[in-house]
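Here is a short report on one protein model. Keep the structure in view as you read.

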Amino acid sequence: MTESLIGFAILLALILLRVPIAFAMSAVGGIGFALMRGWEPAWAMTGQVAFDTALSYSLSVIPLFIFMGNILAGSGVAQGLFAGANRLFGRMRGGLAMASVFSCGGFSAVCGSSLATAATMSKVAMPSMRRFGYDDKLATGSIAAGGTLGILIPPSVILIIYGLLTETNIAKLFIAGIIPGIIGVALYLGAVMVAVRLNPALAPKQADPEPLSRSDMIGLFSVLGLFLFIMVGIYGGFFTPTEAAGMGAGASVVIAAVLRTMSWREFFDATMDSVRATAMIFAIIIGAELFTNFINFAGLPDALAGFVVDNELPVWAVIAFIIVVYMLLGCVLESLSMILLTVPVFYPLMFELQFANELLLDPENALIWFAIVVVVATEISLITPPVGMNVFVLKGVLKDVSLGTIFKGVFPFWVADILRLTLLILVPSLSLWLVGAM
């Protein structure tokens, strides 16, 4: 166990020195394994991990969903989503901020990326909110927080990674994320209502929204149709989640062609962005696999489980500790790295604790519930100071807005997220009802 703790300390030091997480995990995992087993086994393991990851059929779902999200982001459907949401909420005080949250939830449902959702919706929603005199705190806060929904509402790349790491049914993880995602949207809308009630200056009363244009209608119904197409296809048994990614990617190209809002140059750029993002994710996965092999060989998961069992720590205390760890890691890591780094450690611990008995659930459902709790905790870390990744993405797009302004804006949504996480922990059926129904 000592070796793995030293490895974690070195890994965090490299991250603080701004070494890319993929290279940091690969170096610590590979060298640590070599020092314990020898260089020849370490080189063999490294080659095998890289080969298996690159040729994994299950992982092919990742580039396909990323490509689908990038095509949709470039084809202008986000504008239609925002316009439709504005028609729904526009007459209310703070309606544009509510429309931002709602459209972020809808766009993330077919994009699967929190960072991409925040970046795209900032370009769509921010100009409208500024034109109507919205305070930058509420405007940026609603976009940054709404973007976090991208890693929970299916199809979610993070849930796919979790399912592959733990061999959990990905279709069940997807369906388990729907109700918590809807609760997240509802609580965010409530946060806007409370904020503008306490401080009406945040959002002037808005005139009636303009009617939807033909392109807005096409964009709105394209997103809704694509989401239903993917979900019905998976749960109707027409195709697997991996095949759904391919179908969704193909459908996104058709949508872009019908809308005619995407040039060939933009299509090429979206494809190259997908290639770069896929290369980054696969490099992180390979690094995480190497680091996981090292800490498993060093005995960290078994040692942690032994410590918890020997000291008779209650299950709820351990879960609370895990959530605190995610909050702290969110200060230095993005969501994918956190999942890859921590799930191989915490997942065996949950098995050892037999926490399914504590929740009065069968083991599979208990681990699905744990996945949703982990993802929501990861969502919260994306807007938690001092390093909320969504906040920094928004700052990169909106260079004239300070980080302090955005962090002040996300505070009401952060409170709403804490409330949602508490509800999901205390009432597991919120995550599992649809799983049982399906």
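## Helix α2

Helix α2 covers residues 21-37, which makes 17 residues. From its first C-alpha to its last, α2 reaches 24 Å. That is close to the 24 Å expected at 1.5 Å a residue; the expected span is 1.5 Å times one less than the number of residues. Helices here are DSSP runs of H or I with at least four residues, and strands are runs of E with at least two, numbered from the N terminus. Just after α2, Gly 38 takes a positive phi of about 115°.

This is a predicted model: local features need pLDDT of at least 70, side-chain atom pairs count only at pLDDT 80 or more, and totals for chains, interfaces and linings use all residues. Residues are numbered from 1 along each chain as its sequence is written, and side-chain values use heavy atoms, with hydrogens and water left out.

## Buried residues in α2

Several residues of α2 are buried, including Ile 21, Met 25, Val 28 and Phe 33. Buried means under 20% relative accessible area, exposed means over 50%, and partly exposed lies in between (1.4 Å probe, protein chains only).

Gly 32 also lies in α2. Its relative accessible area is 11%, so Gly 32 counts as buried. Leaving out residues up to four places away in sequence, Gly 32 touches Ala 27 and Phe 294. Contact means heavy atoms within 4.5 Å. The C-alpha atoms of Gly 32 and Phe 291 are separated by 8.3 Å. Along the chain, these two residues are 259 residues apart.

## Where α9 meets α19

Helix α9 (residues 157-166) packs against helix α19 (residues 363-381). The angle is about 140°, and the axes are 11 Å apart. Axes are lines fitted to C-alpha atoms, for helices over the stretch in contact, and angles run from 0 to 180 degrees between N-to-C directions.

Which residues of α9 meet α19? They are Ile 158, Leu 159 and Tyr 162. On the α19 side are Leu 367, Phe 370, Ala 371, Ile 372 and Val 375.

## Ser 252 in α13

Ser 252 is found in helix α13 (residues 241-259). Is Ser 252 buried or exposed? At 0% relative accessibility, it counts as buried. Beyond residues up to four places away in sequence, Ser 252 touches Met 68, Ile 71 and Leu 72.

## The whole chain

The protein chain has 22 helices and zero strands. Of its 438 residues, 55% count as buried. Take the contacts between residues at least 6 apart in sequence: 78% join residues at least 24 apart.
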